[in-house]
Amino acid sequence: MGGTNRFMDAALDGAKAAAERGEVPIGAVVVMDGQIISRGANRTRETNDVTAHAEIVAIRAACEALAQERLAGADLYVTLEPCTMCAAAISFARIRRLYYGAPDAKGGAVESGVQFYASPTCHHVPDVYAGLSESASAEILTDFFRARRD
């Protein structure tokens, strides 16, 4: 898919902010009717919460902002292919469309790994668009982990 857009740019900003806090640099935004409803970035270390992935942080904030448990009609932009936990949360939230940047062959669960949305037990499958700002998304992660090794 390549390219960039303002929503993925906002997710990338979240990833950069996460990196500055020492978190794995993943960012996400929830969009509804052309407006950003919420933003999220990894906060697992900051909050000592293994579920505080960028997607879940953004979904929780959107549900709170809209005072509803589901986000039908909302789109989620995230810099990395969601893991199984996040793919399930996206499904349960009834997110309409999922846009993600870089694939995650090791931990992803959309097109990699368990391919959660292909499971017959998955009740809601969002439309999935992979590769949006893929290079920028991958570069943030590569730079972060390279700096950790050096």
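Student: How many residues does the largest nonpolar core have, and which element gives the most to this core?

Tutor: In this predicted model, the largest nonpolar core has 27 residues, and those with the most contacts inside it are Val30, Leu71, Leu76, Ile90, Ile95, Leu98 and Tyr117. Two or more residues come from each of β1 (27-32), α3 (54-66), β3 (75-80), α4 (84-92) and β4 (97-102). With five residues, the element that gives the most to this core is α3.

Student: How many residues make up the other core, which lies apart from this one?

Tutor: That other core includes Met8, Ala15, Val29 and Ile140. Its residues number twelve.

Student: Which strands stand at the edges of the sheet, and why is one side of each left without a neighbour?

Tutor: The sheet is open and is formed by five strands in the order β2-β1-β3-β4-β5, with mixed pairing. A strand at the edge has a single partner strand, so one side of that strand is left without a neighbour in the sheet. The twist from one strand to the next averages 15°. The edge strands are β2 (35-41) and β5 (127-130).

Student: At about what angle does α3 run to β2?

Tutor: The helix α3 lies across β1, β2 and β3. Relative to β2, the angle of α3 is about 140°.

Definitions and conventions
Residues are numbered from 1 along each chain as its sequence is written. This is a predicted model: local features need pLDDT of at least 70, side-chain atom pairs count only at pLDDT 80 or more; totals for chains, interfaces and linings use all residues. Side-chain values use heavy atoms; hydrogens and water are left out. A nonpolar core is a set of buried Ala, Val, Leu, Ile, Met, Phe, Trp, Tyr and Cys residues joined through side-chain atoms within 4.5 Å. Buried means under 20% relative accessible area, exposed over 50%, partly exposed in between (1.4 Å probe, protein chains only). Helices (H or I, at least four residues) and strands (E, at least two) are DSSP runs, numbered from the N terminus. Two strands pair if DSSP finds at least two bridges between them. Axes are lines fitted to C-alpha atoms, for helices over the stretch in contact, and angles run from 0 to 180 degrees between N-to-C directions. Contact means heavy atoms within 4.5 Å.
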